[in-house]
Amino acid sequence: MAGHTETKQWKAAEEADKQKGRRPKGEEKKVPFYKWIDGLEITVDAFKYGRIEGCKGYFLSHAHSDHYQQLSSSWSHGPIYASQTTINLIKLKLGVKDEWLHALPLDETVKVDGIDVTLIDANHCPGSVLFLFEGPHTDPKSPYSKTPNRIFRYLHCGDFRASPQHIHAAPPFVDPLPGRIQKKLDAIYLDTTYLAPSYCFPAQELVINACADLVRERIPDVKPDVKPKTERLLVLVGTYSIGKERAPDTRRVYACSIVKAIAHALSTKIYCDARKRDLFLAQDDPDLHSLLTDDPLAGQVHVGWLRDINREVMSDYLAKYKAPRVEGGFTKMIGLRPTGWTYRSETKDKVPSIPKILALEQQRKFSPAGLYPQRDSTPMCMAFGVPYSEHSSFFELTCFALSLDYTRIIPTVNVHTAGSRTKMKSWIDRWAAEKKRRADARMPRIVPFRALTYW
Ligand SMILES: [Zn+2]
């Protein structure tokens, strides 16, 4: 797309951002261009604009509150499309009426108003998806609306943690037959949360395995023939919450995969309060459901809030279930505090080259030794920060972009200032140059990966 068109689009988006307060009657909120799928009568995660003129389908990528702001039980502006889990969650959290809700299947192409839509697991939070839209332009304002044979392809990433699975095992946008040409995407709407090289953190699977290993290493010696089985470990996993604590609609439940991995490592159940339990039950995840218990002593993994992971709260918490006073209780406790911010990149260069980033990151390992106890830990209550992210690292974004064929990348996060957009644009341009270099050097089209779940 010509540079000046792009500049104009962002300028208009900035103006749309600035709208505040009441508008004259009949005047609707302006919607930034990146909330629309270009040329289609479809918006994604644009609920805060209320009714949108010309929008026939309101798509929701996942049930995090910053993506569904203003969506409420009184919604009546048009059909909402999302995954089954997301639909369950917004029904539970917001009470949106059934008549507006349409659950779409995963990994299966379905028609919505003449457009082919495919949902792909986003690896972000339960129910989160990428949307692939394929079809002719239907917006009468598009110059292509009169050419129904021209098929456009758009990939909207919502919030996601990119993995080779998104490229390799997603037949809708990569033709699975070897030797055939990958279908080019007209645009990728990209989750650019961490589009800067300082955000290189270890693969999620490596971190989760390290947490499970850490917990296993700390299981007290319970060999029954050596000494009586008196020691029992409790693991409290902090999850993130945002906004007002009492408003269930603003809650997020994070780090499900850590919670599950630890429960499996200890062969135990997961205990949490009734509210979190309802959120867990709304997720289309039979494995998680089978692990839940409402008996705090039956589950060695408890789910709390991030702010609970400190010595004071943990000591009080352990005291509540402490053996031998409490029969079948616990003697020791580990707290895990998943957060994206405990990790520092090892790269010293301010602007490292892309091949250098790929080489460095692909060697990165992660073990329990990389998890440090918080300063206020005691032998009985150990708290650890865990570098955990549900968004792609810069390295993962780079691999994702290098592996796909596209015309344009449209950032959807950190887009509100020109300075931030310029910085992101420089990396998007460098990806394009690197793609060309790799193609000229006949390097593999898909960046080689260590496992299907991470590069
Ligand atoms: Zn999110």
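Mentor: Helices (H or I, at least four residues) and strands (E, at least two) are DSSP runs, numbered from the N terminus. With that naming, Arg364 is found in the loop between α10 (354–362) and β15 (381–387). Keep in mind that this is a predicted model, in which local features need pLDDT of at least 70 and side-chain atom pairs count only at pLDDT 80 or more, while totals for chains, interfaces and linings use all residues. Residues are numbered from 1 along each chain as its sequence is written, and side-chain values use heavy atoms, with hydrogens and water left out.

Trainee: Is Arg364 buried or exposed?
Mentor: Buried means under 20% relative accessible area, exposed over 50%, and partly exposed in between, with a 1.4 Å probe and protein chains only. Arg364 has a relative accessible area of 8%, so Arg364 is buried. Arg364 also lies 9.6 Å from Leu206, C-alpha to C-alpha, although 158 residues separate the two in sequence.

Trainee: How do I read a pair of helices, and at what angle do α3 and α7 cross?
Mentor: Two packed helices are described by the angle between their axes and the distance between the axes. The axes are lines fitted to C-alpha atoms, for helices over the stretch in contact, and angles run from 0 to 180 degrees between N-to-C directions. Here α3 (residues 84–94) and α7 (residues 274–282) have axes that come within 8 Å and cross at roughly 150°.

Trainee: Which residues of α3 and α7 meet?
Mentor: Counting contact as heavy atoms within 4.5 Å, Thr85, Asn88, Leu89, Leu92 and Lys93 in α3 meet Asp278, Leu279 and Ala282 in α7.

Trainee: Which residues of α7 are buried?
Mentor: They are Lys276, Leu279, Phe280 and Ala282. Seen down the axis of α7, these fall within an arc of 160° (taken from the directions from the helix axis to the C-beta atoms), so they line one face of the helix. Among the elements that cover them are α3, α6 (256–265) and α8 (286–291).

Trainee: Which residues coordinate the zinc ion?
Mentor: Donors are N, O and S atoms within 2.8 Å of the metal (3.2 Å for Na, K and Ca), and since water is not among the atoms, sites may look incomplete. The zinc ion is coordinated by His62 (NE2), His64 (ND1), His124 (NE2) and Asp159 (OD), at 2.1 to 2.3 Å. His64 lies in the loop between β2 (57–59) and α2 (65–68) and His124 in the loop between β6 (115–121) and β7 (129–135), so this pair ties together parts that are 60 residues apart in sequence. Both His64 and His124 are buried.
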